[in-house]
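Thanks for coming. I will show one model and then walk through it element by element.

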Amino acid sequence: MIKTLIAANWKMNTNFGEAQQLTRDLLSSINDDAHVETVICPPFVYLQEISKLLEGQSIKIGAQNVYFEEKGAYTGEISSSMLSDFCEYVIIGHSERRQFFGDTNEIVNKKLRSAIEHSLTPILCVGENLEERENGDAEHVVGAQLEESLNNIEKTVNLVVAYEPVWAIGTGKAATSDIAEDIMRFIRSKLAAIYDNTFADNITLLYGGSVTADNVKDYLSQPNINGALVGGASLDAQKFQDIIDKAGEVAPL
Ligand code: PGA
């Protein structure tokens, strides 16, 4: 049975005070019996302090990106070994990284390797844009993203895959749960082809793109969706808590 995972991607939002408050609010409302693993991914500069607030608590922490080199003259970058002191998770290949910062599948592959080497659990993001969906290319694009990103990476790793159709991110136009399930089923079959059935059957697959408390149960009721990656709605403690609570209602025990 795969444990339900709800991850918050704060993106480049919150000041330090807001980040602390948001974390405290979540800690005071979280229900540990909900059988839902909760992860928050604040901006880099808050990771150390927020990780202190989360010490001994059930909420886990992740970063939103990482650089693949170990150390050296890479001004402005953060390595997996630096993150591993504070984080358990790291988002890799988010569509905003691909769109604005040139993250290709090859770069994503290197980032995955470095994260795995340092025992971080990567949340690998894949997803097609609107044009690709309208051209009927969604599976082709997502399939290539998976193949190239996971090229020569061993299967014995903690890995989470998030399907985030670009047209659904931050737009309020969430994919229907049927559309999401179709691609998630495809992702699982692709992972079975790259690795094997057991690996594919046990991997946590998240849907992301305009997830709210109103739609999260629809996704989680689908056989191949095990959780959600939440952007906008994770910046409000109450809204995020509502998503976790709804997820708890349908989470496997
Ligand atoms: P959204 O973002 O929930 O605001 O659509 C999701 C994401 O980009 O991870």
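Let me begin at one pair of strand residues: Val 160 stands opposite Thr 204 in E7. Before going on, the ground rules. This is a predicted model, in which local features need pLDDT of at least 70 and side-chain atom pairs count only at pLDDT 80 or more, while totals for chains, interfaces and linings use all residues. Residues are numbered from 1 along each chain as its sequence is written, and side-chain values use heavy atoms, with hydrogens and water left out. Helices (H or I, at least four residues) and strands (E, at least two) are DSSP runs, numbered from the N terminus.

Back to the strands. E6 and E7 pair in the parallel sense, over 4 bridges; pairing here requires that DSSP finds at least two bridges between two strands. Tyr 89 stands opposite Thr 121 in E5.

What do the strands close into? A barrel of 8 strands, in the order E1-E2-E3-E4-E5-E6-E7-E8, with parallel pairing. Neighbouring strands of this sheet are turned by 25° against each other on average, direction ignored.

Buried means under 20% relative accessible area, exposed over 50%, and partly exposed in between, with a 1.4 Å probe and protein chains only.

Next, Gly 62, which is in strand E3, residues 60-63. Gly 62 counts as buried because its relative accessibility is 0%. Leaving out residues up to four places away in sequence, Gly 62 touches Val 39, Ile 40, Cys 41, Pro 42, Leu 47, Cys 87 and Tyr 89; contact means heavy atoms within 4.5 Å. Gly 62 and Pro 43 are 19 residues apart in sequence and 9.3 Å apart in space, C-alpha to C-alpha.

Ile 40 has its own list. Beyond its neighbours within four places in sequence, Ile 40 is in contact with residues including Ala 8, Trp 10, Leu 26, Ile 50, Gly 62 and Phe 240.

That brings in the cores. A nonpolar core is a set of buried Ala, Val, Leu, Ile, Met, Phe, Trp, Tyr and Cys residues joined through side-chain atoms within 4.5 Å. The largest has 66 residues, and those with the most contacts inside it are Ile 6, Ile 40, Leu 124, Val 161, Ile 187 and Tyr 207. Helix H8, residues 177-194, gives the largest share of this core, 7 residues. A second, separate core of 12 residues includes Leu 5, Ala 7, Ile 91 and Ala 162.

Now the helix pairs. The axes of helix H7, residues 138-149, and H8 come within 10 Å and cross at roughly 40°. In H7, Ala 138, Glu 139, Val 142, Gly 143, Leu 146 and Glu 147 meet Ile 183, Phe 186, Ile 187, Lys 190 and Ile 194 in H8.

Helix H1, residues 16-29, packs against helix H11, residues 237-250, at an angle of about 40°, with their axes 9 Å apart. Here Leu 22, Asp 25, Leu 26 and Ser 29 in H1 meet Ala 237, Phe 240 and Gln 241 in H11. Gln 20 is also in helix H1. Gln 20 counts as buried because its relative accessibility is 18%.

Last, two backbone points. Most residues other than glycine have a negative phi. Ser 210 is in the loop between strand E7 (204-208) and helix H10 (216-220), and is buried, with a relative accessible area of 18%.

Methods: Axes are lines fitted to C-alpha atoms, for helices over the stretch in contact, and angles run from 0 to 180 degrees between N-to-C directions.
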